[in-house]
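Hi everyone, thanks for coming. I have one structure to show you today, so let me put it up on the screen and we can walk through it together.

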Amino acid sequence: MAYPPEYKYTKEHEWLSVDGATGTIGITDFAQNSLGDIVFVELPKVGAELTAGSTFGTVESVKAVSDLYAPVSGTVTAVNEELATTPEKVNNDPHAAWMVRLTLANPAEAEGLLAVADYEKFIAEEQ
Amino acid sequence: MSTKDIKKVNTHPSQNEGLIFEHSSPGKKAYRLRQLDVPAVDAASELGSALRTEAAALPEVSEVEIVRHFTRLSTWNYAVDHGMYPLGSCTMKYNPRVNEYVARLESIAGAHPYQSEASAQGALRIMKTLADALVEICGMDAITLQPAAGAHGEMTGILLMRAYLESKGNPRKKILIPDSAHGTNPATAAMVGYQVENLRSNANGMVDLAALEAQMNEDVAGLMLTNPNTLGIFDAQIGEIAEILHAKGGLLYMDGANMNALVAKARPGDFGVDMMHLNLHKTFSTPHGGGGPGSGPVACKAHLEPFLPKPVVAENADGSLRLDYDRPQSVGRVRAFFGNFGMHVRALAYIMANGPDGLRQTTEDAVLNANYLRKKLEGTFDLPYATPTMHETVFSDKLQNKQGIKTGDIAKRLIDYGFHPYTVSFPMVVHGAMMIEPTESEPLEELDLFVDAMKAIAAECESDPELVKNAPHTTRLSRLDETAAARKPILRWKPEQK
């Protein structure tokens with residue numbers, strides 16, 4: 001599955017899409033593929049403060065439970081409620097199945113994340 | 001499919017059986033009550049509005065139906081009484097029959113937790129004798145027998161850590177957990193209100209001392225360490241680890257799940273551990289499958305003793321025993337009554353039947369068996385850590401990955417060969433882990449059958465990968481839809497579905 005070139009990526013396999021001061025976070029195709037069938041996604045509440053590099057939720061698959069790490073800091077403005085009943089969307093379309101939207105505390109933080117070419121190189125080494 | 005290499009089984013027993021509710025029809029019964037020999041009680045006047053007006057929908061079946069129901073179900077199962085159960089980290093050892101004999105003695109089986117202390121001296125003596133033996137085996141000073149399982153013991157241990165640090169003025173914030181730890185360790189720390197900080201292993205699969213030095217500070221309450229760890233590697237730097245923690249006022253908790261590698265050979269109390277739990281259902285041969293029940297005593301050093309759950313068994317001046325509730329600093333009760341007493345009986349029977357030399361021999365045999373399998377299977381399967389291992393050994397599926405075969409496939413194929421699978425995909429520090437723990441119970445003949453099976457499967461991975469990918473082939477059901485079971489679980493049977 002192709003990685004959207006407009007997204008930013010982390011070494012923990014989250015993606016971030018930035019639109020002005022709003023960020024949207026999900027996990028990458030690589031992440032969903034390593035996790036296997038996802039059965040549960042635990043997300044923060046609207047209003048929660050995320051800190052870059054800290055955990056903000058968990059993804060549970062039939063194989064393992066993994067933490068979600070915030071690529072950037074900010075305040076959660078929306079949570080993808082659909083994932084509570086249809087976690088398989090993360091497997092089926094990981095780059096569209098967003099998890100949280102947030103108001104970025106510091107939009108410059110996103111600049112420090114991996115561009116698509118760097119991320120693709122990183123996962124090639126992981127495999 | 002070729003069956004020439006499968007020496008242990010041909011097909012698994014397969015007799016259909018429904019739920020016991022589905023056998024029910026009105027009026028059938030499997031009991032006859034005796035004549036009432038106490039004054040009759042009027043339920044309505046005793047219970048008032050709590051009196052049930054409609055009978056509960058309990059199954060009504062005859063004795064032979066009950067016996068057949070459970071016997072048929074038991075044939076779907078695989079137990080350590082069928083053969084080797086090499087589920088790494090779980091120590092699925094044989095449960096000696098002497099344990100069961102003792103636990104069924106009428107005076108023990110019929111004991112009641114509300115008996116008077118004077119009439120329960122025998123039961124208290126069993127608990128005290130077991131407590132003393134376990135304290136000696138661990139090199140500790142005191143113990144609680146209350147916790148009902150390993151994770152419950154962990155939580156009790158970390159509650160002790162918290163209570164102790166609180167008594168010193170500051171419970172602290174974080175607990176360090178190595179990446180090779182048991183999965184329950186971080187969950188335990190979080191349950192007790194600590195933040196979890198991951199501690200990296202070095203290339204030998206041991207704690208990275210420099211990382212520990214760097215991460216240890218006055219915010220860290222302690223370290224939870226499984227030793228030997230989930231790779232089966234004994235961390236020989238344990239003394240230094242303890243010193244680094246103690247120098248900054250932290251405590252060292254040892255997860256004793258792998259004590260089967262240490263009993264009567266090395267004592268955690270002697271290498272700096274402050275407190276630890278034991279799994280009687282692993283190390284001390286009480287039943288593990290089918291819900292045990294488990295038992296997870298927590299042993300500790302003297303400085304943690306005041307915080308142990310109450311009551312503890314204490315000795316009176318005249319040598320009789322009592323339950324001591326007068327423990328003002330105790331973290332409280334962690335379990336109704338006195339823990340899973342039936343397991344205390346079995347563990348004590350095991351310890352006494354073996355004696356010190358027998359326990360030592362057990363430990364040596366457990367390590368020998370695991371290393372025999374390691375040596376025999378090295379080369380056939382990838383061994384990610386060359387460090388010597390103790391009671392279990394971890395391979396990876398790297399060599400079989402070339403055919404698209406994963407650890408889970410090999411494990412499923414092992415069922416066709418008449419063995420319970422090893423532990424799959426754990427520890428997570430090894431990609432595609434195959435974690436094998438034979439325990440001391442296995443005779444050489446069974447170990448060799450297992451080696452033959454594993455080698456035959458490795459050959460099948462090359463010659464007929466699909467055979468392995470679609471295994472098992474001889475069981476009632478083959479691959480179940482684990483995803484649907486997790487996403488859309490059916491949690492209870494409903495009569496209207498009949």
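Five residues from chain B and five residues from chain A make up the contact between the two chains. Please keep in mind that this is a predicted model. On the chain B side of that contact, the classes come out as one nonpolar, two polar and two charged residues.

Now for the sheet in chain B. Seven strands form an open sheet with mixed pairing, and the order is 1-7-6-5-4-2-3. Which strands stand at the edges? Those are strand 1 (142-144) and strand 3 (195-199) of chain B; each has a single partner strand, so one side of each is left without a neighbour in the sheet. From one strand to the next, the twist averages 25°.

Let's look at one pair in there. Strand 6 (residues 275-277) and strand 7 (residues 298-300) of chain B run antiparallel and are joined by three bridges, with Met276(B) opposite Ala299(B). Helix 5 (residues 121-138) of chain B packs on the sheet, where it touches strand 1, strand 6 and strand 7. The direction of helix 5 makes about 125° with that of strand 1.

Helix 10 has 37 residues, yet its end C-alpha atoms are only 40 Å apart, whereas a straight helix would reach 54 Å at 1.5 Å a residue. Where does helix 10 of chain B bend? The bend is at Gly355(B), by about 100°, and Pro356(B) follows within four residues. Just after helix 10, Gly379(B) takes a positive phi of about 100°.

Methods. Residues are numbered from 1 along each chain as its sequence is written. Chains are lettered from A and ligands numbered from 1 in the order in which they are written. This is a predicted model: local features need pLDDT of at least 70, side-chain atom pairs count only at pLDDT 80 or more; totals for chains, interfaces and linings use all residues. Two strands pair if DSSP finds at least two bridges between them. Helices (H or I, at least four residues) and strands (E, at least two) are DSSP runs, numbered from the N terminus. Axes are lines fitted to C-alpha atoms, for helices over the stretch in contact, and angles run from 0 to 180 degrees between N-to-C directions. Two residues are in contact if their C-beta atoms, placed from the backbone, lie within 7 Å. Ala, Val, Leu, Ile, Met, Phe, Trp, Tyr, Cys and Pro count as nonpolar, Asp, Glu, Lys and Arg as charged, and the others, Gly among them, as polar. The expected span of a helix is 1.5 Å times one less than its number of residues. The bend at a residue is the angle between axes fitted to the seven residues ending there and the seven starting there.
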